[in-house]
Every structure is written in structure tokens, then in C-alpha cells.
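This report describes a few local elements of one model. Please have the sequence and the coordinates open while reading.

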Amino acid sequence: MPQSFFVFFSNKLYSLGNLLQRWNVPIKLQMSRQVASSGVPGGKGSSSGFVLIVGLSTLGAGVYVSRKVVHGKKLQYISPVKHLKLSNVSPAAPGARPEVPSHVPFLLIGGGTAAFAAARSIRARDPGARVLIVSEDPALPYMRPPLSKELWFSDDPNVTETLRFKQWNGKERSIYFQPPSFYVPVRDLPFVENGGVAVLCGKKVVHMDVRGNIVKLSDGTQISYDKCLIATGGSPRNLPAIERAGKDVQQRLTLFRKIEDFRSLEKISREVKSITIIGGGFLGSELACALGRRARTRGLEVIQLFPENGNMGKVLPEYLSNWTTEKVRREGVNVMPNAVVKSVSVSGNRLMIKLKDGRKVETDHIVAAVGLEPNVELAKSAGLEVDSDFGGFRVNAELQARSNIWVAGDAACFYDIKLGRRRVEHHDHAVVSGRLAGENMTGAAKPYWHQSMFWSDLGPNVGYEAIGLVDSSLPTVGVFAKATAKDTPKSATEQSGTGIRSESETEAEASEVHISPSFSPTPQVPKQGEDYGKGVIFYLRDKVVVGIVLWNIFNRMPIARKIIKDGEEHDDLNEVAKLFNIHED
């Protein structure tokens, strides 16, 4: 008489089955991995078998296998099974798969540069990794710098749709890091053989349960994870005077940050007669120059106002800030320094901006470029610490906020071993911190040693790169020289072959820096009215260089990084400036 039996798997295998079920791994794949072995012990007799799945609950209650084996007339119990065929149970068909997996090994919250860099880093170290990016942005991950730079100088009338642009070196590229084909469909992520990266667009994580390793989305969906990265970035700040103004004013306001903001402002710039940019920092000055170019051909009035004495007044020394202001004015912009907004209202069909000194500005549209507020809403539900001085999630040297939670990009407040605790809002920092977080999420345990750089271009002919603490309140020493035709952002990208300059020198650092002794006098502040063709500006704290701006000097960032890392006092900064070859013809 044929007889049958049940083999009950051990508790350890039970737990593995439960985990695999949470992963939504196909049943056939689960079983074949759990009970596969090198062979079936036994003699020469014939054998036959069949498999019966008795139960596998949604919580992984257990797996039972029924199998009949005849060896002569003796019933033989066999644990290892070479091949397990499930004829009656099929893997989840694409139509039956949930739209969002209930569990992912790597969950990245935020769809910006830091998250993409982390995903790429995770996959580089773990080629089979399954990575899910949850992004509030409706678009796939893209680079932000061109939104205020090259895209505005494109000759393509369809640039707002294609989002392709020519770099200063003439080469064309897309704003997106990768095309859609690079990513795995979200619903297929648990099932693809070699893993991949999936992006869940237009969804926001609203709650984190750090003990249960579960996040909740705005639509109620819950996702559990093994390791999580918070790369939520930041949101553009608004002015209190505008927030108080009401809906009529808000409808004529752009808080510039995303692709849709670029598309909207580009369209508005072709429809109105006047645009006012509030803010004199990087973004405000870049947009002023970009729109100023259009002012010449379209009759658009472009106004830029800010409370500082000049453009980039919080970053550049006063003499260079003043020069930059004149440069922006030459681009066709009506620059109004020392302007503090008191109120904004609608007057007729126009906006009326009243300043605290009594001046009034009439305009059709306002762009507020007054800084970024890190997105730390998840801190409350997650119980994560927010830095009271700099904002952002406080993390350790490995960018960890908890044992299985990392933070990168604009939202991370990290400890700089040379410059103290900091929070940085630039592309290069997002790339490097995201990459490092991804490495550490796969076991690297590496500290954040990198000095990130940033850059700003006022068109294709004037630009600068900076590193460290560049604060105009610090003492500075500038060394300048006459510029040549190759000392422009355009020339720099032609030499490096990339439009996003930090891509070519992100991690580079000079191995050694030799400074010869000299009896040259201490460099003096350049005279007012001089043309600052190219130069190096050193920012000092306790006689030590803590920040460097390279003005129209490019591809020298490794040297600057090394100088700051060494943290030495220098008697003659003229000699230090020679390291950057500023006197080359």
C-alpha cells in the first residue's frame, strides 16, 4: 500500500519562509532555495514522489511538504530534496502583484541627487540589491543645477519639454540621471532575478516606525524595510511678508526648486512685462542673469532686490560682491541692494512691493530665492534628533541617525572633522554623502572625510568654485591675476568634458602641497573698479585657511581641498596662491 508522510520544517526554516513571504518572493523560488541540496540519499531502487503544500499563511505560519518515497518495501524518510516542482502553485503573475511591495531590503526616502547616488552605490557593492526610492516629486531623479543655469541659455524652443541642454562646452545631455529604462517597475522589484532600483513617484512618507522598521505613505500604504536612507532634501523658504499677503499674491509667486518651477517660470517670462527676484545669493543671482539675457530680446524688465550690500554678499568679500553686482547689472538686471521687503499687495493688475526704507517696486511676478528649509517632518514620528543650530537630522561620522537609518544630502547635519558640525546644501555634497551612505548601508562603515565643493556660474563667462567655510564675515585675503580666454566656465567644461564640474573632481585631493618660503608682502585688497579676471580668495579663522573661492579658476579643487585638510598657518598667501597657477598665460 502506498503511504504518505509530512515533513515539518525546523523553526529556523520557518522564519526564513516568513521573511521570504514578506519579500513577496515567488513560492517556487522560496521552496527551491529552502530545501535544495546536493542529492537524495538512498540505494539503487526506484523512487517516485509528489509534492503537496499543506499551508503557508500570510504571516508565515509554516510550510509542510508531503512526499511519498518507496524503496523496495521499506518507507524511507528523506529531508533533502534535489528538485521541488510546484505544479499546482504558480508564481505571482504580473497582474496579481501588488502595486507597491510590502517589504524592501533598501528603502530610500526622497528622490533627489543624494538618493540616486546612494542607490547607485548600493548596487555597485551589492549587485543583487533591491532598492526602492520613494519620491514626492512626480519626476524620476534629476540634477538640479541646470534648472538655474544652462537650461535658460538653450536655443531649443522645446527645452521645457525635452529638458535637454547644451553644456558650456557644447555637448548635449539630459537633466535626468538615467532614462526610464534604467529603473525596474515598482511592482516587479521583489521578483526580478538580479534586483534593481525602482522609483515610486508622487508619494510621500508621512510616518516612520523605527522600532518596527515600517514607513507609512500619504495614501496609507505601509512598507517595511531592513535599511533606510532619509534624503528628503529641503523646501524653498518664503518671506513672511509674502505669506501674510494672501492668495492673490501667492498666485503670482514662484518658489524655485523643481522641474515644474522651471517650466512655469520660463512660460511666465514670455507672458509678463516684469519679474522681480527677491534674494541675492547663488540661486537669485543665477536666475537674475539668466532672465536678464532675455530682457534684452523680449523687453522683459528684470528686478533683483536683497538686503545685503551686493550680490553674494554673504559669501564674497565686499569688493568682489560689488564687482559681481555690476556684472549682473550689465546683464540687463535692475539690481536693488539694501532692500528689505515690508509688504506685498495687489494694486490693479500688478503687484506692489513696499520696502522698509519707503521705496516701492511694481512688478507682475515674484521669484523668492531666500534659502532652503530642510525637510525634517519625519523626525517627530521617528524620534530622530534635529540640530537646533543648523537644522537637519543630526548624524554621526558614518551619516547614521540610528543603527539601520542613514541621512544624506541637504537634510543631514554632520560633523566635519576639520570645520565642526555643518549642514551643506550643494550638489557635490549630495553626491558624495549619498554615495557614502549607500556604501555604509552595505557594510562599509566609512566616516565622512570629504570636503564638498560648490560652484556658481553667472553665465558661460564668469563663474567660481568654492570649498569649506566661505563666509564674508570671516577675514579674507584675495590674490588676483589677469584672466585669459580659457579662464571661463565654458572653457573649464571643455577641458574636463563634463558640465556638472564636481563630477570630474568630486573625490580628488592633491597628494602633496609644497609651498616655498618667500619674502613677498602680504597681498592687499584689490582696488575698487579693478577687473577681477581670475584669482583665489582665502577665508581665515585663527590664521588658518578654512575656506577657498576660486574665481574663474577651474579644475584646481584638489589643491584647495588639501590646503583645508592640512589646516596649517601660512605666512605668505601669495605663495599659496601660486599653487593654483593663477599667473599662467
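Which residues of α3 are buried? Thr-113, Ala-114, Ala-115, Phe-116, Ala-117, Ala-118, Ala-119, Ser-121 and Ile-122 are the buried residues of this helix. Buried means under 20% relative accessible area, exposed over 50%, and partly exposed in between, with a 1.4 Å probe and protein chains only. Helices (H or I, at least four residues) and strands (E, at least two) are DSSP runs numbered from the N terminus.

This is a predicted model, in which local features need pLDDT of at least 70, side-chain atom pairs count only at pLDDT 80 or more, and totals for chains, interfaces and linings use all residues. Residues are numbered from 1 along each chain as its sequence is written, and side-chain values use heavy atoms, without hydrogens and water.

The cover over the buried residues of α3 includes β6 (103-109), β7 (130-135), β10 (196-201), β13 and α11 (427-441), where contact means heavy atoms within 4.5 Å.

Strand β12 (residues 214-217) has Val-215 and Leu-217 on its covered face, and Ile-214 and Lys-216 on the uncovered one. In a regular strand the side chains alternate between the two faces of the sheet. Two strands pair if DSSP finds at least two bridges between them. The pairings of β12 are listed below.

| Partner of β12 | Sense | Bridges |
|---|---|---|
| β11 (residues 205-209) | antiparallel | four |
| β13 (residues 222-230) | antiparallel | three |

Met-208 has Val-215 in β12 as its bridge partner, and Ile-214 stands opposite Ser-224 in β13. The hairpin of β11 and β12 has four residues between the strands, and Asn-213 takes a positive phi near 55 degrees. The hairpin of β12 and β13 also has four residues between them, with Gly-220 in the turn at a positive phi of about 95 degrees.
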